[in-house]
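Q: Please take a close look at one part of this model, the helix packing, and then at the sheet.

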Amino acid sequence: MKELKEWFVPWLLTAREYNTSILDKAWANPDYGRLMLNENPIPPSEKVIKAVAEITAKGNRYPDSMKRLRTKLGKLHNLGPENVGLCNGSSEIIDSMMRIFLQPGDEIIMSTPTFELFPPRAELAGGKVVSVPLRPADLQYDVEGMLGAINPRTKLILVINPNNPTGIFIEEEDLIRFCETGIPLCVDEAYLDYHPEIPSKSYLIEKYPHVFLSHTFSKAHGFAGIRFGYVVGTEEMVNAFNTMFLPWNVSLMAMAAAEAILDNPEEIAAKVAHNNRWMEIFTEELVKVGLKPFPAHGNYMLIDATMTGKTTAEILAAGMEMEKTFLKKINPIHGKDGYFRVTPGLDEENERFVRFIRNYFGK
Ligand SMILES: Cc1ncc(COP(=O)(O)O)c(C=O)c1O
């Protein structure tokens with residue numbers, strides 16, 4: 001008899017893994033600051049909780065396609081409800097886009113380091129990840145390198161804007177160069193809501209119908225556990241995603257939560273203000289002790305501490321020991337092994353992080 005694994009599709013055995021073990025550790029240690037995940041530290045408002053509780057009474061019914069909610073989301077982009085597809089967090093867009101565009105052996109071009117879910121989801125569709133390192137000097141996208149990696153097997157290009165883990169925006173003219181290739185392009189705007197003064201790139205879909213935008217409520221809206229996201233594209237693009245998404249992929253509760261927070265923009269604004277205030281304080285404190293934070297625009301900050309001679313592993317361990325604070329491990333970039341990432345938490349957690357920075361690096 002064949003062994004079980006011999007029945008699996010081959011790419012199941014060779015795909016990279018997305019490691020979620022840090023979540024089990026974090027839930028098991030609630031007194032530790034969870035500054036290693038790009039979550040929002042502020043819980044949902046009473047309005048959101050009430051909306052979820054109310055709709056739960058109808059939880060015996062299958063949800064519809066929620067045109068009212070899609071209309072509200074479309075308006076944010078000057079588009080219609082037909083340009084919006086709802087999903088169970090934007091991770092579902094990541095997974096679906098691989099299965100929409102890649103056949104086994106096809107390639108997706110992305111830059112590295114990146115959000116670690118992208119490579120495994122491409123590989124689980126049988127796709128090949130072509131990783132182009134960020135430019136060594138400024139950790140910006142290596143646009144020339146990415147364009148140079150295009151070949152007949154290239155079926156998808158990924159741009160995260162602002163990027164994760166650097167938090168840096170791509171220049172408009174560079175993005176247009178990707179659009180001009182005519183190859184399907186995912187612009188992941190997971191963190192754009194932290195800068196509402198900066199417009200979404202959704203205006204591009206009119207001229208470039210192969211472009212789509214990925215949005216999530218896990219960040220500025222604080223719904224990482226509620227799970228809600230949406231894809232923006234032409235009607236044809238959104239139909240493709242809706243075909244690939246499971247029917248009823250978004251629960252009634254998640255949709256009610258999304259509508260409640262959209263109807264209460266002050267809640268989003270307050271969460272954004274909290275984050276941006278702490279991002280500024282972190283920057284000041286890090287610079288004071290001679291570290292190099294990147295000019296970040298999301299809810300996280302990449303920090304280069306290589307010049308202190310400490311490795312990422314040492315920094316993470318010291319943060320946990322000195323201030324019960326989880327920080328994010330970043331693999332070496334261009335041979336420098338002192339990078340780590342931090343996300344603002346609640347005030348008290350952030351004060352602990354600042355204390356750690358002063359005590360660990362300031363002496
Ligand atoms: C760039 C990027 N895209 C998407 C996601 C996934 O978000 P969601 O919770 O909506 O699945 C993340 C999460 O960290 C991210 O960093």
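**Helix packing and the sheet**

A: Helix H4 (residues 46-56) and helix H12 (residues 252-262) have axes that come within 8 Å and cross at roughly 145 degrees. Helices (H or I, at least four residues) and strands (E, at least two) are DSSP runs, numbered from the N terminus; axes are lines fitted to C-alpha atoms, for helices over the stretch in contact, with angles from 0 to 180 degrees between N-to-C directions. The model is predicted: local features need pLDDT of at least 70, side-chain atom pairs count only at pLDDT 80 or more, and totals for chains, interfaces and linings use all residues. Residues are numbered from 1 along each chain as its sequence is written.

From H4, Lys47, Val48, Ala51, Val52, Ile55 and Thr56 meet Leu252, Met253, Ala256, Ala257, Glu259, Ala260 and Ile261 of H12 (contact: C-beta atoms, placed from the backbone, within 7 Å). This contact of H4 with H12 has ten nonpolar, one polar and two charged residues (Ala, Val, Leu, Ile, Met, Phe, Trp, Tyr, Cys and Pro count as nonpolar; Asp, Glu, Lys and Arg as charged; the others, Gly among them, as polar).

Next, the sheet. Seven strands make an open, mixed sheet in the order S2-S8-S7-S6-S5-S3-S4 (paired: at least two DSSP bridges). Strands S2 (84-87) and S4 (128-133) are at the edges with a single partner strand each, so one side of each has no neighbour in the sheet. From one strand to the next the twist averages 25 degrees. S2 runs antiparallel to S8 (residues 229-232), joined by four bridges, and cysteine 87 stands opposite glycine 229 in S8.

Helix H11 (residues 235-244) lies across S2, S7 and S8, at about 20 degrees to S2. Helix H9 (residues 172-180) lies across S5 (154-160), S6 (185-188) and S7 (211-216), at about 165 degrees to S5.

Technical notes:
Contact = placed C-beta atoms within 7 Å.
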